Structures are given as C-alpha cells and as structure tokens.
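Thank you all for coming. Please have a look at the model on the screen, and then I will walk you slowly through a few of its features.

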Amino acid sequence: MSTAVRGRPLRIGQGRLSIRLDIRATVTCVVMLATVVGLAVFSMTTGDYPLSASEVVATILGAGPPGAEFIVLELRLPRLLAAILVGGAFGVSGAIMQRLTDNPLGSPDIIGFTMGAATGALSVIVLTGGGMLAVAGGALAGGIVTSVLIYLLAFKQGVQGFRLVLIGIGMSAMLYAANQFLITHASLRDAIAAAAWQVGGLNGRGWEHVEPLAWAMLALLPFAVFFSHRLAILQMGDDAAKALGVRVESTRFVLIMVSVALAAIGTAVAGPIAFVALASPQIARRVTGSPYPGPISAGLMGALLLLASDLTVQHAISDTQLPVGIATGAIGGLYLAWLLAREFRRR
C-alpha cells in the first residue's frame, strides 16, 4: 500500500487487483452516507407519532410498542426508502448523461428523457387507469422511445453532446405540450390524479412502489459503475476512444439506456421530480473536488437532496402534505439560473 497526499489518489494492492481511491472523494461520500443515515433516523422518529430510535429498530424486528408497526412499516419506512432510491436513481442518471454530453445541462429532466417517461406514465393513467406496474411500464416505454428518437435525430457520424442537448430540449417542449393535451382531454378524476402526479411527490408511497424500484436499481447500478470508467475515455474524443479499443457508439448507447431506465423508473415511482438529476452531479463534483461527477457520489447526493427536500415539505407546513416536487422545483430553478449565468460568463 502506498501513501497519498491531498488531491492524489490512494492505490491499494498491486497488479490487476489494485484499487485507486481518491481520498477527498471517498471521505466526502462517507460523510454524505452518514448524513443520509442521520436524516433517515430523524424521518423515522419524528412526526405526529414520535418514536425513539430503539423503538423503531424494535418495531422493524417485530417487537415494537403497540400501534407502532403500522406507523413504521407501512407509512414511514416505505416513504423513506422511496426517497433514497428515487434520489439515487436520478443522481446516477444525471451523472451519466452530463458526462456523455460533456455539458452540465445534459440532464434527463432537461433533454427530454424524464418528460418522455412522464408522457408514457400519463398515457397509462389517463387512457387506461392502470396501477403501479402499468404506470411503471408506461414510463419505461416512454423514456426508451424518447431516448431512441433523440439519439437518432442527433446521430450524424456519431452523437455529439451539444447536438444531443439541443434536440433533447426541443423534444422536451413537444412532450410537455403532449402531456398538457392528455390532461386537458381526460376526465376530471383522471386529470386531477395526472396533474398531482406530474408535480412529483412521495405522499402515499408504499412497498408496491419500493420493491420494483429496488430491483431495478440492483440491476442497473452495476452497469452504471462498470461502464463509468469508459466515460473518461469517451470525453477524449471518438477517434482517441476508438484508438484505445472502446466501441464508441455501442458504449454510448448502453450508457444512455441505463440513464434512461434509471430516470424512467424513478419517474414512475415519484413523478417527474424536477432538478434532482440536474443538480446532484454538479454539487457532488464540487464537494468531492473531482473533475467530473461520478455515479456513486452523484447517487448519494441525489438521495441526500431528495430526502432533505421531503423532510422539509413534511415539516414546513404541519397541516398540509406538500409534494416534494415543489421544493426541488423552487431550489432547482434558482440553481439552474445560477448555472446558466455561470456558463454564459465562462464562455
């Protein structure tokens, strides 16, 4: 094992089994994870029915106080896990797309992938009145179809990030109009449900939402982590990447599909929650001191942001359960304005 100074990686082991760790990034990820755990404890112990941490643990193990089982296992724990998983999915999805496009605006909720997933889910809600699995399938199908269309429209001797962002923004505007058309032509009951879902929120989320999301994350995260090391090579340019043996278009397509799938399943569970996928990778990049957002740090930051936002809307107004999308939209709008101003000054 070799030593490392601040700003340099730490190499553990030798040969093919060696691991390079960035000290600052590793410590920051541990701090973010600890913060998520702390917020999770706060979320599980506070509310109209306060519990101690020991009572929560006892309830999860089946030996809690009377009446606590429903509060802990049916209300608080599913919502907590949904917030962590959805935030993590959006964070990883945003990190992949921003590195593929080499643009901080290259986020699934900016270039149309999330809006396409929302269109698919709204089509199921408005036209068929389907349940959670049907809505999730519609969101996934909508996200995939949208991503393929954007990819094909942006393809011209390869896919350039700037062209992908511009075409995605245009596609997002068209899909937003389609979503409004679906809502205005639905029945009053379906229109109210669709409009509430479109804001994005975690109210009423149960195990039927958490389980498919958890399985999807378990299947997709290994691909995100495994292919993430190729992103640095792709950013060197297509010719250099091909010279280093990387199959550029197939790798780019796989990464886009992973990003779309993560954004779509997160959208299916919680709605198109704004700006988490946009802000999480950039904030993670700054706090870790890394040149590019990594999937692990971005996922942890996404979970942290969404969980903190959900706790804020739960406790800011005691008699009203606001959708968490309102908080992320307000904070994310300010962040987007700052980011655009910064990019304009830099260029």
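Let me begin with the rings: the structure holds 1 aromatic pair, where rings of Phe, Tyr and Trp (its six-membered ring) are said to pair if their centres lie within 6.5 Å, and planes under 30 degrees apart count as stacked, over 60 as edge-to-face and the rest as tilted. The partners are Tyr151 and Phe253, which sit edge-to-face, with 5.4 Å from centre to centre and 75° between the planes. Because Tyr151 belongs to helix α5 (residues 132-154) and Phe253 to helix α10 (residues 248-270), this pair ties together parts that are 102 residues apart in sequence; helices here are DSSP runs (H or I, at least four residues), numbered from the N terminus. Tyr151 is buried, at a relative accessible area of 9%, whereas Phe253, at 33%, is partly exposed; buried means under 20% relative accessible area, exposed over 50%, and partly exposed in between, with a 1.4 Å probe and protein chains only.

Before I go on, a word of caution: this is a predicted model, in which local features need pLDDT of at least 70 and side-chain atom pairs count only at pLDDT 80 or more, while totals for chains, interfaces and linings use all residues. Residues are numbered from 1 along each chain as its sequence is written, and side-chain values use heavy atoms, with hydrogens and water left out.

Staying with helix α10, we also find Ala270 there, and Ala270 is buried, with a relative accessible area of 0%. If we set aside neighbours within four places in sequence, Ala270 is in contact (heavy atoms within 4.5 Å) with Val86, Gly200, Gly201, Leu202 and Arg205.

Which residues touch the most other members of the largest nonpolar core? Among its 94 residues they are Val86, Leu100, Leu234, Ile256, Ile273 and Leu278, and helix α3 gives the most to this core, with 15 residues. A nonpolar core is a set of buried Ala, Val, Leu, Ile, Met, Phe, Trp, Tyr and Cys residues joined through side-chain atoms within 4.5 Å. Leu100, not counting residues up to four places away in sequence, touches Leu231, Leu234, Arg252, Leu255 and Ile256.

Key
Helices (H or I, at least four residues) and strands (E, at least two) are DSSP runs, numbered from the N terminus.
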